[in-house]
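Let's take a friendly walk through this fold, from the chain as a whole to the core and the sheet. Have a look at the model first.

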Amino acid sequence: MAKRRIDPADGHSALLTWYRTPESATRQTLFTAVRYTLEEVAELHPGRAVELRVPPAGATQILPGTTHRRGTPPAVIEMSPRTWLELACGLLTWEDASNTNQLQASGQRTDLSAYLPLFPNLPAD
């Protein structure tokens, strides 16, 4: 398990700030929220079989299985920070994101619908 870089309290605060007013969240707030949620998904679903990329904010490896060490991983998912946070908060479904080309996924086990949302019950105020 990777060591946390984002303090959970700071990360959750950034996530709430983005969730309540995404259009006015600063770049720093957005990136902190993304990195925090990537750390959360990695902690909940540890492994190195699937690489989850949210450029330019961050990336993580998740799910047990084949361990990836060099080069392009056999399973890669990539999306924008906004798409990732919408999925993590339950504002967007995996199916809708996939059907509207808001994410790119290649390889096996790249459907994360069973693992999302991470934060389905965030308070609106």
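## Contacts and overall form

Residues 24 or more positions apart supply 57% of the contacts in the protein chain with a separation of 6 or more, a contact being heavy atoms within 4.5 Å. This is a predicted model, in which local features need pLDDT of at least 70 and side-chain atom pairs count only at pLDDT 80 or more, while totals for chains, interfaces and linings use all residues. Residues are numbered from 1 along each chain as its sequence is written, and side-chain values use heavy atoms, with hydrogens and water left out.

The radius of gyration of the protein chain is 14 Å, which agrees with the value near 14 Å of a compact globule with 125 residues; this radius is taken over C-alpha atoms, and the globule rule is 2.2 Å times the number of residues to the power 0.38. The C-alpha trace spans about 40 × 35 × 25 Å along its principal axes. Of the 125 residues, 43% are buried, meaning under 20% relative accessible area with a 1.4 Å probe, protein chains only.

## Order of the elements

Four helices and four strands make up the secondary structure; these are DSSP runs numbered from the N terminus, helices being H or I of at least four residues and strands E of at least two. Along the sequence they follow the pattern α-α-β-β-β-α-α-β.

## The sheet and its helices

β3 and β4 run antiparallel and are joined by four bridges; Met 79 has Leu 103 of β4 as its bridge partner.

## The nonpolar core

The largest nonpolar core has 37 residues, among which Met 79 and Trp 84 touch the most other members. Such a core is a set of buried Ala, Val, Leu, Ile, Met, Phe, Trp, Tyr and Cys residues joined through side-chain atoms within 4.5 Å. α2 gives the largest share, eight residues. Beyond its neighbours within four places in sequence, Trp 84 contacts residues including Val 34, Leu 38, Leu 52, Met 79 and Leu 116.

Key
Buried means under 20% relative accessible area, exposed over 50%, partly exposed in between (1.4 Å probe, protein chains only). Two strands pair if DSSP finds at least two bridges between them.
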